[in-house]
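Here is a walk through a two-chain protein model, taken step by step. Keep the structure open and follow each stop in turn.

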Amino acid sequence: MPELTYRDAIRAALIDAMERDPTVLLLGEDIGLYQGTFRVTADLLARFGPRRVIDTPISEEGFVGAAIGMALLGLRPVVEVMTWNFSLLAFDQIVNNAAKVRYFSGGQVDVPLVIRGPNGAGVQLSAQHSQSVEVFYAHVPGLRVVAPATPADAWGLLRTALRGRDPVIFLENAALYGTKGPVPDGDGALPFGRAEVARPGRDVTIVAYSRMLLVALEAARQLADEGIDAEVINLRSLRPLDGETLVRSVAKTHRAVVVQEQWKPFGAAAEIAATIYEGAFDLLDAPVERVTGADVPMPYARELELLAIPHEADIVAAARRVLYREGR
Amino acid sequence: MAEVIMPKMGDAMTEGKVLRWLKQPGDPVRKGEPIAEIETDKVNVELEAEWDGVLSRVLVAPGSAVPVGAPIAILTRPGEAAPAAEAPPSRAPETPAGTGAPAAAATAQAAAPPPASAPPAAPPAGAVRASPLARRLAAEHGIPLETIRGSGPEGRITKEDVEAAIAARAARPAPTPAPAMPPAAAGREVPLSRMRATIARRMTESKQQVPHFYVTMAIAMDAALDLRRQLNDRLPEAAKVTVNDLVVRAAALALRRYPNLNASFAGDVIRHPAAVNISIAVPVAEGLVSPVLHDVDRKPLWVIAHESKALIERARAGHLRPDDLVGGTFTVSNLGPYGVEAFAAIVNPPQAAILAVGAATPTPVVRDGTVQVATVMHATLSADHRVTDGAEAAQFLGEIRRLLEAPVWLVTEIPEGERTG
């Protein structure tokens, strides 16, 4: 089982798909000559040539629209958005075309398109580069929204994305590119809509995805020192959402803390909490707690950015609250 | 058009029975006019119309019990069309949060015709707080939530609390069957009335769960009795002041200064109600009720006397209104009229304290080295040690004594804060 960085796991999945399938091609700003802003596409231009690794101008609506057209005509484009914030320029293409063409065409055509790039905060890129966009897309029927937390997730979810027939919102995390972890030797594809119990426990369920999984696991380690045995769920996929695993976990622990990096109102944690309430109301011993980012545009200053995103201590405190152990 | 709902008369009430309808469908009703007689665990009350209108439909047959909050009738406002005779089927009345008694709701549903429309969604105020899991566990084990003390925020009952209650029940030895009495000695058995059962349950709970302590003081009542004579010379019959009214007024003024005695223990907080509402224990044919005098600290003595008289009359006649039974923050129990000199009462949860007063009787007392005769009344405060302590209880009782021994304060309105000592 090789150890890879999150970045290299994504790159490896792209190379594997491009080698197997000549219809796979990449589009995006600075992905060719410049090798990718976050180096995910390093050397790919040299390896696959300019017909399959296409540098685009700054024109998100244009190149996402072009990619949708390619997908309709039988290709399998992978669009890199320099950050997911810029995808908002292509929001109409994604929401009104990519997500709906199959519906509009009565199922005659579909859009096997992957849009990928860095999401989230933590690397001092300020308000217009650091927001988390997942709920914008997870709201829309027709899209798949996945958020890998580990190199194995990145590898496995991207392989599934590159085989499916749906437009996939593939949310990487800028602060995770350098993290290392084992990636399976074999196929390793991870089905969408199946969460992972990243750490089994019996006292409280902590639900997280993307980088917050690492924060949640560290919080669980700290809770263990207090004798609290936390179960940590790595969602991997927001749409579809694996309610079954959530309910099964809460049936065991009776308490839940949901963690997200994004703003609290109407966020993913609200959907996750509602899913738990719907499926496990009678099994809850405390209200579900949400640990979220601050409800402000992301500050640039390091200290302020750190204040605006959730940390281990926030999760530990929330876990204590749902266990009624606050102040004990 | 609106629903008349089963009122909640007392914190522990989960359901009520419609004894009889005092109005028939189609009858016009005026605001304040009694429309039904309701039996609760404690007392029978007359339910009054909240506005003028027509009682257009009756949803509950006489003799049927329904949960608190369930609709029992439809009242149409003047000028409104009466609803169709066949009301559309709708949701069954919800078990109000806090009853934790699905069985009760089921019975009620079986007994009552379906209500005309959805009942209010919000749980009634004062409902028992419990996590969904705790509710389910308690229901599975047949443990009423009202009997469990919650350890969570604002007294929320959690899984642990229910598990403790289950364990406590399991630990109790199984009741050994009483040896059969020979028929001659058996006498007769009287089934508990609802009121008796409620008193039994609540007093047992109180003695088991509230750590009581008791503080007694002797109070010289000569000045107070003299004041009472002077007042009653001039007051009309309906406002004549009793010794109990003097005690209630003194207690109310003292409660304002010692808010911990006007409080309730609620898990991780102590609740301080905004008002001083004094329950007065009134013996009635079936047992005991504690109707409530509201805002006693803000009312002159003769108003208290007037209201207290009316309340006691309604209690004895079985005509207490829902409002009469809710919101008490402290209780005064007076066995003086029965010749009792001193006694200790059981705290009436969730209140933190109860004052038991005996008769004022001529007693030899030593003053300035000589034996004199004074009219002495013994007052015993029973208090919840989780909320207050002996010294505070003693100061509170001392304040009552000061007020009764210098009773001018009972009839003088001096804003709080202006007074010293």
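Start at helix H3 of chain A, which spans residues 60–72 and holds A:Leu72. The model is a predicted one. A:Leu72 has a relative accessible area of 34%.

The size of an interface is often given as the accessible area lost when the parts come together. Here the buried area is about 880 Å². Carbon and sulfur atoms give 58% of that figure. Three residues stand out on the chain A side: A:Asp282, A:Asp285 and A:Tyr324 supply 52% of the area that chain A buries against chain B, more than any other three residues. The contact takes 10 residues from chain A and 11 residues from chain B.

What kinds of polar pairing cross between chain A and chain B? There are 5 residue pairs in polar contact, both residues at pLDDT 80 or more. The count of salt bridges between chain A and chain B is 0.

Chain B deserves a look as a whole. Its secondary structure comes to 10 helices and 19 strands. It has 421 residues, and 46% of them count as buried. Take the contacts in chain B between residues at least 6 apart in sequence: 67% of these join residues at least 24 apart. Chain B exposes about 20100 Å², with 57% supplied by carbon and sulfur atoms.

Next come the charged pairs. Side chains of opposite charge can pair when their charged atoms come close. Over all chains, the whole structure has 43 salt bridges.

A:Asp187 is partly exposed at 37% relative accessibility, and A:Arg163 is partly exposed at 45%.

The second stop lies within helix H11 of chain A, residues 302–308. There, A:Arg302 forms a salt bridge with A:Glu305, the closest N and O atoms being 3.2 Å apart. A:Arg302 is partly exposed at 36% relative accessibility, whereas A:Glu305 is buried at 0%.

B:Asp297 and B:Arg256 meet in a salt bridge at 3.7 Å, N to O. They lie 41 residues apart and link distant parts of the chain. B:Asp297 is in the loop between strand E15 (292–293) and helix H7 (301–317) of chain B, while B:Arg256 is in helix H6 (residues 243–257). B:Asp297 is buried, with a relative accessible area of 5%. B:Arg256 is partly exposed at 28%.

Finally, return to chain A. Salt bridges that share partners join A:Asp16, A:Arg20, A:Arg159, A:Arg163 and A:Asp187 into one network.

Notes:
Residues numbered from 1 in each chain as written. Chains lettered and ligands numbered in written order. Predicted model: local features only at pLDDT ≥ 70, side-chain atom pairs only at ≥ 80, totals over all residues. Heavy atoms only, no water. Helix = DSSP H or I, 4+ residues; strand = E, 2+ residues; numbered from the N terminus. Buried < 20%, exposed > 50% of the residue type's maximum accessible area, 1.4 Å probe, protein only. Contact = heavy atoms within 4.5 Å. Buried area = accessible area lost by both parts, 1.4 Å probe. Salt bridge = Lys/Arg side-chain N within 4 Å of Asp/Glu carboxyl O. Polar contact = N/O pair within 3.5 Å; in protein donor to acceptor, adjacent residues only side chain to side chain. Areas by Shrake-Rupley, 256 points an atom, 1.4 Å probe, with all protein chains shown as cover.
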